[in-house]
Amino acid sequence: MSFKKVIVPTEDRQKIYREMDQMFDSGMLTLGRYTDRFEESLSNILLDQKVIATSGGSSALEITCLALELSGFDVVIPSNTFIASAVSFIRNGANVIFADCDKHYGALTLESVKKAITPNTKAVVMVHIGGIISPEVIKIKEFCSDNDIYFIEDAAHALGSSFDNIPAGTFGDVGTFSFYPTKIITSGEGGAITTDSEKLHEKFKIFRDQGKRDFSSNIHTHFGSNWRLSEAHAIIGYHQVQRLNSFIQHRELIVTIYKDKLSDIPHIDILTPEIGKSNWYKMIIQLKDSINKDKLKKELLKNGVKCEGEVYQLPCHRQPIFNNLEINLPNTDYFTDHHLCLSISSDMNIEEAINQCNLINNTFKGVATL
Ligand SMILES: *Cc1c(COP(=O)(O)O)cnc(C)c1O
């Protein structure tokens, strides 16, 4: 098994080790000043919204489900997402309705949302696949606010992405993030929830810490859990936030190289936002109808091309845990079958990117029919 490379520059490690020393000396190992600082650093890049750090992206979604009191209500979720987007709601009593996506961005559309909603729908969850925000975000947000439905973004892919200068996670009522090691930045394990509602923010804090009315009391008013982030993780996360812009800039450079070198291949397109900015968490290539993805993937791997995991290889409604679902989501199946993710990282060297492109070009030259 290979692990995705994690980039924590030496300078940052020195700072992290020093701060860990201070953390041990202080005796404060959870919900202390380093968590406050991490939350502030996120708030700074999220339009000064109110942010809490959590133990993960999944717990951020669980807290959201509880704080918005979605139990017993329908929640519309794209099938094209990571399993946690759905399970975090189901686990807390919501009834998840899987919606279709569009063929291009692999994201919800206003039309797919309208098809999925019922009179019992209380929330819609949008996922910005690969870090790209679909323009439908605006229409869905407006539709939700007109119909008294919460609009939630599971922005686990998209920290640092924006649309019309609006950062991912800040469009709706609530945005959640993950800092799992494979994401654009990491804290080891970790997540966050952003909102501009003071009331929701206070509720999030209660659910994160065992439903306690406040940190120092032992009075429990809600069914929460231990969804806190430790100070050690918050220290790592803070230094990663400081690197976010330079990581994204480097990724932009790598994408430019791929686009330039692969421009002669008629069968593929690198998925690019029309408006706004991707953080290039994933570099998605879309395959023309004629291409058989599995066959192409095999050929690419045979030729030494590195492919990253797709987003996603198997959509939620096709997962074994949901095997009794009788729903037809044709665009979701289409998106799954017509994309791959090429190798990209925040410190990939240019020669390696050029080399990958040469291998991809060779693969397409060598294969008459795909
Ligand atoms: C990673 C991810 C999550 C879960 O985050 P964890 O930190 O692993 O709990 C949820 N939703 C999406 C879309 C993700 O990519």
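**Close-up views of a predicted model**

View 1. An oxygen atom of the ligand lies 2.6 Å from an N or O atom in the side chain of lysine 183. The model shown here and in the other views is predicted. The side chain of serine 58 also places an N or O atom 2.6 Å from an oxygen atom of the ligand. For serine 178, the distance from a polar side-chain atom to an oxygen atom of the ligand is 2.7 Å. On its own the ligand has 380 Å² of accessible area, and the protein covers 91% of this.

**View 2. The shell around the ligand.** The ligand has 16 residues around it, and those that come nearest are Gly57, Ser58, Asp154, Ser178 and Lys183. By class, the shell consists of 8 polar, 6 nonpolar and 2 charged residues. Two helices, α3 (57–67) and α4 (83–90), each contribute at least two residues to the shell. The ligand takes up the space of the second largest pocket.

**View 3. A sheet of 4 strands.** The sheet is open, with antiparallel pairing and the strand order β10-β11-β13-β12. At its edges are β10 (268–270) and β12 (307–308), each of which pairs on one side only. Strands of a sheet pair through backbone hydrogen bonds, in either a parallel or an antiparallel manner. Between β11 (residues 283–287) and β13 (residues 339–342), which run antiparallel, there are 4 bridges. Methionine 283 has leucine 342 of β13 standing opposite.

**View 4. A cis peptide bond.** The peptide bond that joins valine 311 and tyrosine 312 is cis, with an omega of about 10 degrees. Tyrosine 312 belongs to the loop between β12 and α10 (330–337). Most peptide bonds are trans.

**View 5. A positive phi at aspartate 48.** Aspartate 48 is not a glycine, yet its phi is positive, at about 60 degrees. Most residues other than glycine have a negative phi. The loop that holds aspartate 48 runs between α2 (33–45) and β1 (50–54).

Notes
Residues are numbered from 1 along each chain as its sequence is written. This is a predicted model: local features need pLDDT of at least 70, side-chain atom pairs count only at pLDDT 80 or more; totals for chains, interfaces and linings use all residues. Side-chain values use heavy atoms; hydrogens and water are left out. A residue is near a molecule or strand if one of its heavy atoms lies within 4 Å of it. A polar contact is a pair of N or O atoms within 3.5 Å; within protein, one must be able to donate a hydrogen and the other to accept it, and residues adjacent in sequence count only if both atoms are side-chain atoms. Accessible areas come from the Shrake-Rupley method with a 1.4 Å probe; for residues, only the protein chains shown count as cover. On a 1 Å grid over the protein atoms alone, a cavity is a set of points where a 1.4 Å probe fits but cannot get out, and a pocket is an open set with protein on both sides within 12 Å along at least five of seven lines; lining residues have an atom within 4 Å of a point. A molecule sits in a cavity or pocket if more than half of its atoms lie within 2 Å of its grid points. Ala, Val, Leu, Ile, Met, Phe, Trp, Tyr, Cys and Pro count as nonpolar, Asp, Glu, Lys and Arg as charged, and the others, Gly among them, as polar. Two strands pair if DSSP finds at least two bridges between them.
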